[in-house]
Amino acid sequence: TQYVYRFGGGVSDGGRGDRNLLGGKGANLDEMASIGLPVPPGFTISTPMCAVYYDEGGKFPDSLKAEVANGIAHIEQITGKRFGDAADPLLVSVRSGARASMPGMMDTVLNLGLNDATVEGLATVSGDARFAWDSYRRFIQMYSDVVLELDHSRFEEALEIAKEDNGYYLDTDLTADDWRKLVDEYKALVQELWGKPFPQDVHDQLWGAIGAVFGSWQSERAKVYRRLNDIPASWGTAVNVQAMVFGNMGDTSATGVAFTRDPSKGDNAYYGEFLINAQGEDVVAGIRTPQYLTKAAREAAGAKPASMEEAMPEVYGELANVFDLLERHYRDMQDIEFTVQQGKLWMLQTRSGKRTAKAALKIAVDMANEGLITREEAIARIDPAALDQLLHPTLDPKAPRDVLTKGLPASPGAASGKVVFTADAAETAAKDGQDVILVRVETSPEDIHGMHAAKGILTARGGMTSHAAVVARGMGRPCVSGAGALSIGNGVMRVGDREVKEGDILTIDGSTGEVMAGAVPTVQPELSGDFGTLMEWADGIRRMKVRTNAETPLDCRTARDFGAEGIGLCRTEHMFFEASRITSVRQMILASDEAGRRAALEKLLPEQRSDFVEIFETMAGLPCTIRLLDPPLHEFLPHADAEFEDLATATGIDIDTLKRRAAELHEFNPMLGHRGCRLGVTYPEIYEMQARAIFEAAVSLEAAPVPEIMIPLVATKRELELMKAVVDKAAEAVFAETGKRVDYLVGTMIELPRAALRAGEIAEAGQFFSFGTNDLTQTTLGVSRDDAARFLTDYVEQGIYAKDPFVSLDVEGVGELVKLAAERGRATRGDIKLGICGEHGGDPASIAFCEAVGLDYVSASPYRVPIARLAAAQAAL
Ligand code: PEP
Ligand code: MG
């Protein structure tokens, strides 16, 4: 097997199609080289080597030695320099590159190939001793951190002390001699911390770095990132070894990162940052605050330091051409890394850029309108789950704000919460159900779990492309970065004379960069513009209808605004909890006979009727599936003594009797107990009352809806027949009393394996099926939906289930039952209406499955309706 693939200098062993083999970075370097862009020569060690390396216990097969030697020879030939040559040394970078981009998660080593001899050669050839010694100290620092895993704070400390001793403020103030002295200190530090001298053999350096990059695939932060982004551990990373180019060779050199369009808002304008006389990690790490790429951006921000467009107009022009070429070539917004070495432009990376949901929408719609992509492609490019970012509230523009300071608007959206200063504290507080804002000087990849747990992120340092900004945008967390006026330490954050302590409430607005004391009220976002356009395109493509799970007029209204085409599940029990009704409900439950129950139901009837009138009115003739009472009765029981006292007063029954009756209702396994249609079987008068309320509401309306009455937790045809008889009888009674009729359907949920298996005969009794995949998952897997959280993460981590089966349908198991029930149901009743109303109805992967099985509709909670509309369109593409 071949593991090494070369690129540069007219050679491209791979191309953009080889992402799985070469990783995204490697494949795109090959591709850029093959279309004639200036790429420093190099080679990629392919991803399968990552698994080999782990299987061999951290060793490489012998064959790789010769391949890597060939790769180095390729770089030497193109550059005319030799690796380890004391007179004119070749220096290389060693970087990771997985199939899916994992920004900042894995290791990089730059300036590799420097030692006590080659540094002198570099000084002579470059004519710049300061540059050579600065590069050497950077190399020792990075190598010690990444490969030798020594405590990097000791190295930073040494640098800080060197600056202080000399009265310097910036790194750029240090002279060649200062750096030379620091190199001696660094080498002594390596000896002290590692017990051995810093490796001088350049080949040892190279193999050490290659091993470290492969090793970083299994680092904690990489694992967390993979888990959050569903990236399989088996993919592995590639390693890219590439000739160094230097952005730190004086004022005609620079390094930068750029996006071909604004990754935050989506505007069609170059967007990026650069630093003169710096190396790549200076920009990304957010240590020096970078300068703007374009004049327009600089002016818009009111910043002073010259933009790249102004400082280096010629190279900027060349770069702008490359941006256009790459965007046309890849037909997507690109995220680009470049370096200018003494006036010459070099491309180091291109990839499809991460973007906010807002930007994703705008870019997709714009590109379709520009003719760069088709509408179908535009639809396919939006991650439905990311729409969530857009549907949630933003700060009320009219609410007063106590603005403490302003940073960069790094990731849009508003968030309020308690201030925490560490990622661990964020995670702990979030587990306790608290909303937190993670406040850091700057974030590093180690903070990723805390960023995920936080509602928002605020940093004092770092630009729009800093780690915090990139990761927050990817996660959809609001983020304000580079709020330079903040000082953070000892559990407080200070701005001027204001102090915010750990636990105080803070609000950030990632769209404006504002940081505010206290909580600021929010408003619903407008769903117009690009969002509306894309949704319209999606609606033109999808086959399945999208309904909503809702039981209050407010939820129904929200869902309709989001485009719901009906109600797929109205859980009537939610209506029973209202303060005005709960006493009647309890009276019904605790009644000792039918007469007692009927008396209580009599009081509930008008309340239920008015619920349905409101819902039917809100839904204005759209189909509404109403499910009759489902949960075990004891869920409605009083708990506190005061509640029992109230009930005793209301019913005239003494407290002891009430308590005894409540105790009798206790069940060992209520989820499998007296619930669902079993309640209707033992107490038909409950379902009778509910059906009557539905029909009385329906006949009272001008535009009568077609109610779809749904019986829960059916296992047998007979259950459904009995319950349908109760409903039909109530309907006839209401029609006779009022002299008006409405059409209606009676159907069932399929949420038990037996129901799925016997769907053929159940379809004889019911006119529709709605898959209740919450219970169907619970009963098929034998996993309690209320207790699963404790062990399911272990199950997912160990690959037993690919995803939480209560979130994303277990297609192989539960899905098989759904498919079978759909087939058997249709065989009996060709026009049977089929839908899904479990949580999976709002999950894009599950929606794709529903399309494949041919369901008529999916039903999702109101905020997930747009997600479902888009996912249904994607499934139909
Ligand atoms: C289901 O079981 O999937 C369902 C929708 O019903 P509930 O969640 O109310 O049990
Ligand atoms: Mg259920």
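**Figure 1. Strands β33 and β34 (residues 857–860) run parallel and are joined by 2 bridges.** This is a predicted model: local features need pLDDT of at least 70, side-chain atom pairs count only at pLDDT 80 or more, and totals for chains, interfaces and linings use all residues. Residues are numbered from 1 along each chain as its sequence is written, while chains are lettered from A and ligands numbered from 1 in the order in which they are written. Strands (E, at least two residues) and helices (H or I, at least four) are DSSP runs, numbered from the N terminus. Two strands pair if DSSP finds at least two bridges between them. Ile836 has Val858 of β34 as its bridge partner. β33 also pairs with β32, in the parallel sense, over 4 bridges. There, Ser770 stands opposite Gly835 of β33. Which residues point each way from β33? Lys833 and Gly835 point one way, Leu834 and Ile836 the other, and all are buried. Buried means that 20 or more other C-beta atoms, placed from the backbone, lie within 10 Å of the residue's own; 12 or fewer makes a residue exposed, and counts in between make it partly exposed.

**Figure 2. Eight parallel-paired strands close into a barrel.** The order is β27-β28-β29-β30-β31-β32-β33-β34. On average, neighbouring strands of this sheet are turned by 25° against each other, direction ignored. Strands of a sheet pair through backbone hydrogen bonds, either parallel or antiparallel. One parallel pair is β30 (residues 707–711) with β31 (residues 745–750), joined by 4 bridges. Met710 stands opposite Gly747 in β31. Helix α33 (residues 814–828) packs on the sheet. α33 touches β31, β32 (768–771) and β33 (833–836). Contact here means two C-beta atoms, placed from the backbone, within 7 Å. The direction of α33 makes about 175° with that of β32. Axes are lines fitted to C-alpha atoms, for helices over the stretch in contact, and angles run from 0 to 180 degrees between N-to-C directions.

**Figure 3. Helix α20 (residues 529–541) has 13 residues, and its end C-alpha atoms are 19 Å apart.** At 1.5 Å a residue, α20 should span 18 Å, which agrees. The expected span is 1.5 Å times one less than the number of residues. Asp530, Phe531, Leu534, Met535 and Ala538 of α20 are buried. Why do the buried residues of α20 line one face of the helix? Seen down the axis, they fall within an arc of 130°, so they line one face. The arc is that of the directions from the helix axis to the C-beta atoms. An α-helix has 3.6 residues a turn, so residues three or four places apart point the same way. Gly529, Glu536 and Gly540, on the other side of α20, are exposed. The cover over the buried residues includes α14 (357–370), α15 (375–381), α16 (388–391) and α35 (865–876).

**Figure 4. Arg692 sits in helix α27 (residues 684–699).** Arg692 is buried, with 21 other C-beta atoms within 10 Å. Leaving aside neighbours within four places in sequence, Arg692 is in contact with Leu605, Ala730 and Val734. Arg692 and Ala731 are 39 residues apart in sequence, but their C-alpha atoms are 6.6 Å apart in space.

**Figure 5. Arg331 and Gln342 lie in loops at either end of β12.** Most residues other than glycine have a negative phi, and most peptide bonds are trans. Arg331 has a positive phi, near 55°. Arg331 lies in the loop between α13 (313–330) and β12 (334–341). Gln342 also has a positive phi, about 45°, and is not a glycine. Gln342 lies in the loop between β12 and β13 (344–352). Gln342 is partly exposed, with 14 other C-beta atoms within 10 Å.

**Figure 6. Domain 1 (4–243) and domain 3 (393–523) have centres 33 Å apart, taken over C-alpha atoms.** Their contact takes 7 residues from domain 1 and 8 residues from domain 3. The assignment also gives domain 2 (254–352) and domain 4 (542–632 + 667–876). Domain bounds come from an automatic or database domain assignment. The protein chain has 35 helices and 34 strands. Along its principal axes, the C-alpha trace spans about 105 × 60 × 50 Å. Buried residues make up 51% of the 877 residues. Among contacts between residues at least 6 apart in sequence, 67% join residues at least 24 apart.
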